[in-house]
Amino acid sequence: MENINLLDNYEELPQVVKDIFYCFEMLDNTYENCEQLVKSLNVVGYTIEYGLDAEPYNLTKIKLIKI
């Protein structure tokens, strides 16, 4: 199954995901901030990749595992 970049349909994302992006949008694009963004998104069932330029891309849903 091919992953779909959910950023292409930002307006359809759950509000909690939009809120996470809002918290990070004013921060510099650094590896540290990208890693925090990934951790924050993981909590709500999403993940995102980032490149050498620390620019986030490819937002996808992940399966949450209950412990």
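Let's start with Asn58, which has 18% relative accessibility and is therefore buried (under 20% relative accessible area is buried, over 50% exposed and anything in between partly exposed, with a 1.4 Å probe and protein chains only). This is a predicted model, in which local features need pLDDT of at least 70 and side-chain atom pairs count only at pLDDT 80 or more, while totals for chains, interfaces and linings use all residues. Residues are numbered from 1 along each chain as its sequence is written, and side-chain values use heavy atoms, with hydrogens and water left out.

- Asn58 sits in strand S2, which covers residues 56-61; strands are DSSP runs of E with at least two residues, helices are runs of H or I with at least four, and both are numbered from the N terminus.
- The backbone of Asn58 shows a positive phi of about 60°, although this residue is not a glycine.
- The side chains of Asn58 and Glu49 are joined by a polar contact of 2.4 Å. Such a contact is a pair of N or O atoms within 3.5 Å; within protein, one must be able to donate a hydrogen and the other to accept it, and residues adjacent in sequence count only if both atoms are side-chain atoms.
- With neighbours within four places in sequence left aside, Asn58 is in contact (heavy atoms within 4.5 Å) with Asn5, Leu7, Thr47, Ile48 and Glu49.

**Ala54, another positive phi**

- Ala54 also has a positive phi of about 60° and is not a glycine.
- You will find Ala54 in the loop between S1 and S2, and its 4% relative accessibility means that it counts as buried.

**Aromatic pairs**

- A pair of aromatic rings is described by the distance of the centres and the angle of the planes.
- Rings of Phe, Tyr and Trp (its six-membered ring) pair if their centres lie within 6.5 Å; planes under 30 degrees apart are stacked, over 60 edge-to-face and the rest tilted. The count by this rule is two aromatic pairs.
- Tyr10 and Phe21 make an edge-to-face pair, with 6.1 Å from centre to centre and 70° between the planes.
- Tyr10 belongs to the segment before helix H1 (15-24) and Phe21 to helix H1, so this pair ties together parts that are 11 residues apart in sequence.
- Tyr10 is partly exposed at 33% relative accessibility, whereas Phe21 is buried at 13%.
- The pair of Tyr31 and Tyr50 is tilted, because the ring centres are 6.2 Å apart and the planes stand at 45°.
- This pair links distant parts of the chain, 19 residues apart: Tyr31 is in helix H2 (residues 31-43) and Tyr50 in strand S1 (residues 46-50).
- Tyr31 is partly exposed at 43% relative accessibility, and Tyr50 is partly exposed at 27%.

**How H1 and H2 pack**

- The axes of H1 and H2 come within 10 Å and cross at roughly 165°, which means that H1 is roughly antiparallel to H2.
- Here axes are lines fitted to C-alpha atoms, for helices over the stretch in contact, and angles run from 0 to 180 degrees between N-to-C directions. Angles under 35 degrees count as roughly parallel, over 145 as roughly antiparallel, 65 to 115 as roughly perpendicular and the rest as oblique.
- The crossing of H1 and H2 is right-handed; that term applies if the near helix is turned clockwise from the far one by less than a right angle, and left-handed if anticlockwise.
- H1 contributes Val17, Ile20, Phe21 and Phe24 to the contact, and H2 contributes Asn33, Gln36, Leu37, Ser40 and Leu41.
- Cys23 also lies in helix H1 and is exposed, with a relative accessible area of 55%.
- Between the C-alpha atoms of Cys23 and Leu37, 14 residues apart along the chain, the separation is 9.1 Å.

**The loop between H1 and H2**

- Asn29 has its place in the loop between H1 and H2 and is partly exposed at 41% relative accessibility.
- Residues up to four places away in sequence not counted, Asn29 touches Asp53, Ala54, Glu55 and Pro56.
- A polar contact of 2.6 Å connects the side chains of Asn29 and Glu55.
- Met26 is found in the loop between H1 and H2 and counts as exposed at 71% relative accessibility.
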